[in-house]
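I opened the model and kept notes on what I looked up. The entries follow in the order I made them.

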Amino acid sequence: MISTLKSLLLAAAVIAAPLAGAQVASAEGEKYILVSHAPDSDSWWNTIKNGIALAGDQMGVDVEYRNPPTGDLADMARIIEQAAASGPNGIITTLSDPDVLSGPIKDAVASGIDVIIMNSGTPDQAREVGALMYVGQPEYDAGHAAGMRAKGDGVTSFLCVNHYISSPSSTERCQGFADGLGVELGDQMIDSGQDPAEIKNRVLAYLNANPDTDAVLTLGPTSADPTLLALDENGMAGDIYFGTFDLGENIVEGIKSGVINWGIDQQPFLQAYLPVVVLTNYHRYGVLPGNNINSGPGFVTKDGLTLVEKFAGEYR
């Protein structure tokens with residue numbers, strides 16, 4: 001009876017707290033910190049925050065989300081060091097640039113903290129830094145699958161709008177797409193920056209200079225949303241082939257209206273949720289999956305939007 005009452009009180013306390021903004025109370029004492037490379041301005045990561053919060057609730061552990069406010073990777077490296085110094089049971093982190101982040105991650109592992117790499121990086125890179133496993137989408141493979149799909153639809157040239165060019169995994173998406181098409185990437189990838197107005201202007205400038213471009217590929221809501229505005233402004237919306245990575249409210253609406261042909265869903269909810277579940281069970285019972293976990297890619301088209309539309313930006 002006491003145990004049941006305790007569980008009910010814990011559940012009530014969690015439900016009363018905002019998912020993305022609060023740490024979840026622990027019943028067992030374990031604590032897990034997720035560190036991402038995302039700037040505060042990138043709303044796509046709200047799904048990550050929801051995933052880690054729900055996992056913390058269900059597993060009864062403390063969870064915390066940390067990130068560099070501007071997306072600066074040197075700042076992220078310091079955050080990983082600070083997270084390790086606080087003595088958590090585990091750290092879940094992106095590995096967007098091994099040159100900058102491998103050192104702090106290896107130091108955390110050497111201090112006895114279990115690490116899972118999520119979202120960016122590769123299984124090989126996760127092994128190199130001593131992480132238990134990798135949970136995410138192989139970015140080059142996802143880009144290649146998208147390129148093969150576009151090639152089958154008749155695409156031969158494209159614009160890749162890279163809003164996070166300092167992250168190697170972003171470039172892997174563009175390169176994989178080019179290789180899937182069987183063409184050189186060359187100058188078909190632009191460094192768009194992250195300012196929405198600047199992204200829109202750079203897309204318009206590229207398409208104005210290259211009017212025969214067959215397709216546009218964006219790498220997430222940060223670049224997709226301004227690109228939608230650009231295509232609406234220059235009259236190409238619905239006429240040019242448009243594929244994007246990741247999902248969001250405007251992307252879902254674009255797919256629904258036929259302006260966007262497909263979105264690649266890497267299921268960020270699972271990238272945050274599963275590592276907490278894996279680490280908790282590992283620390284409590286000594287059980288661990290025998291392999292890495294691919295959370296994507298999966299293509300979302302107009303025909304499969306029911307649940308995606310319902311939970312876009314929250315759990316999808």
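Which helix gives the largest share of the lining of the largest cavity? I found that α7 does, with three residues.

**Ground rules.** I am working with a predicted model, where local features need pLDDT of at least 70, side-chain atom pairs count only at pLDDT 80 or more, and totals for chains, interfaces and linings use all residues. Residues are numbered from 1 along each chain as its sequence is written, and side-chain values use heavy atoms, with hydrogens and water left out.

**Cavity.** I looked for cavities of 30 Å³ or more and found one. A cavity here is a set of points on a 1 Å grid over the protein atoms alone where a 1.4 Å probe fits but cannot get out, and lining residues have an atom within 4 Å of a point. I noted a volume of about 240 Å³ for the largest cavity, the volume being the space filled by probe spheres set on the points, which are joined across faces, edges and corners. Of the 22 lining residues, His-37, His-163, Arg-173, Leu-219 and Asp-246 are the closest to the centre. Both α7 (168-181) and α9 (221-234) supply at least two residues of this lining. Helices (H or I, at least four residues) and strands (E, at least two) are DSSP runs, numbered from the N terminus. I sorted the lining into seven nonpolar, 11 polar and four charged residues. In that sorting Ala, Val, Leu, Ile, Met, Phe, Trp, Tyr, Cys and Pro count as nonpolar, Asp, Glu, Lys and Arg as charged, and the others, Gly among them, as polar.

**Helix α8.** I checked the length of α8 (residues 196-209): at 1.5 Å a residue its 14 residues should span 20 Å, and the end C-alpha atoms are 20 Å apart, which agrees. The expected span is 1.5 Å times one less than the number of residues. Ile-199, Val-203, Leu-204, Tyr-206 and Leu-207 are buried in α8. They sit on the same side of α8, because they cover an arc of only 165° around the axis. The arc is that of the directions from the helix axis to the C-beta atoms. On the other side of α8 I found Asn-208 and Ala-209 exposed. Buried means under 20% relative accessible area, exposed over 50%, and partly exposed in between (1.4 Å probe, protein chains only). The buried residues of α8 pack against β6 (158-162), β7 (189-191), β8 (215-218) and α9, with contact meaning heavy atoms within 4.5 Å.

**Helix α3.** I ran the length check on α3 (residues 73-85): its 13 residues should span 18 Å at 1.5 Å a residue, and the end C-alpha atoms are 18 Å apart, which agrees. Its buried residues are Leu-73, Met-76, Ala-77, Ile-79, Ile-80, Ala-83 and Ala-84. Their arc around the axis is only 160°, so they lie on the same side of α3. Their cover includes β1 (31-35), β2 (62-66), β3 (90-93) and α4 (98-110). Arg-78 also lies in α3, but is partly exposed, with a relative accessible area of 42%.

**Backbone.** Where is the cis peptide bond? I found it from Gly-296 to Pro-297, with omega near 10°. Pro-297 lies in the loop between β11 (293-294) and β12 (298-300). Asn-119 has a positive phi of about 75° although it is not a glycine. I place Asn-119 in strand β4 (residues 114-119), and at 5% relative accessibility Asn-119 counts as buried. Gln-267, not a glycine either, has a positive phi of about 55°. Gln-267 is in the loop between β10 (262-265) and α11 (268-285) and is partly exposed at 30% relative accessible area.

Notes
1 Å grid on protein atoms, 1.4 Å probe; cavity = no way out; pocket = protein on both sides within 12 Å on 5 of 7 lines; lining within 4 Å.
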